[in-house]
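Subject: Handover of a structure and findings

Dear colleague,

Please find the structure below, handed over for your use.

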Amino acid sequence: MQKTYKTGPRPGRQSQGMSTETRFDTKIAVLLRDDLETWQRLNVTAFLVSGLGTQVPEVVGEPYADADGAAYLPMFRQPVLVFEGGKEMLTKAHDRALQRALPRAVFTSDLFATGNDTDNRAAVRAVAGADLDLVGIAVYGPRNAVDKVLKGARMHT
């Protein structure tokens with residue numbers, strides 16, 4: 001369910017007929033460890049959010065098409081907010097997401113050394129949850145629950 005409220009035109013949007021902001025009751029968020037290199041941040045974010053659409057289909061919108069009729073894949077129907085924090089912040093957020101039983105994805109430092117999905121799953125399975133060396137997590141759920149999971153994290157800059 002989503003709520004819409006008028007906020008006035010966004011820069012560059014009025015001429016396109018898009019003058020409202022949408023506020024969702026849910027949130028998609030990624031928390032990245034703040035010591036990652038840029039390529040790692042991008043890679044981890046892409047991997048983390050890829051799982052949400054397969055397990056939480058309501059986050060995916062309708063397919064796209066351009067004026068020439070070329071079809072494009074659907075994307076998330078709402079923004080993905082990206083946060084950053086230290087190793088301790090990721091551990092706390094992971095624990096909170098587990099306690100709230102929110103849909104989540106994890107990316108550990110071990111996954112930088114693997115080259116395929118089978119090895120990725122084996123690397124995560126080999127480590128107890130409390131001992132995972134998390135470099136990123138993605139979480140989806142009600143806004144207030146996700147906000148509590150991410151308490152203390154800062155928006156990625």
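How many of the nine residues of β8 are buried? Eight of the nine residues are, so β8 is largely enclosed by the rest of the structure; buried means under 20% relative accessible area, exposed over 50% and partly exposed in between, with a 1.4 Å probe and protein chains only.

The model is predicted: local features need pLDDT of at least 70, side-chain atom pairs count only at pLDDT 80 or more, and totals for chains, interfaces and linings use all residues. Residues are numbered from 1 along each chain as its sequence is written, and side-chain values use heavy atoms, with hydrogens and water left out. Helices (H or I, at least four residues) and strands (E, at least two) are DSSP runs, numbered from the N terminus.

Strand β8 has pairing partners on record here (two strands pair if DSSP finds at least two bridges between them). With β3 the pairing is antiparallel over seven bridges, and L32 has G136 in β8 as its bridge partner. With β7 the pairing is also antiparallel, over five bridges; here T108 is partnered by L134 of β8.

T26 is placed in strand β3 and counts as buried at 14% relative accessibility. Its side chain makes polar contacts (N or O atoms within 3.5 Å; within protein, one must be able to donate a hydrogen and the other to accept it, and residues adjacent in sequence count only if both atoms are side-chain atoms). The side chain of Q78 is a partner of T26 at 2.9 Å, and that of Y140 at 3.5 Å.

Helix α1 (residues 38–50) has 13 residues and reaches 19 Å from its first C-alpha to its last, close to the expected 18 Å, that is, 1.5 Å times one less than its number of residues. Its buried residues are Q40, R41, V44, T45, L48 and V49. They cover an arc of only 140° around the axis, which puts them on the same side of α1; the arc is that of the directions from the helix axis to the C-beta atoms.

Three aromatic pairs are found in the whole structure. Rings of Phe, Tyr and Trp (its six-membered ring) pair if their centres lie within 6.5 Å; planes under 30 degrees apart count as stacked, over 60 as edge-to-face and the rest as tilted. The ring centres of W39 and F112 are 5.8 Å apart and the planes at 65°, so this pair is edge-to-face.

Yours sincerely
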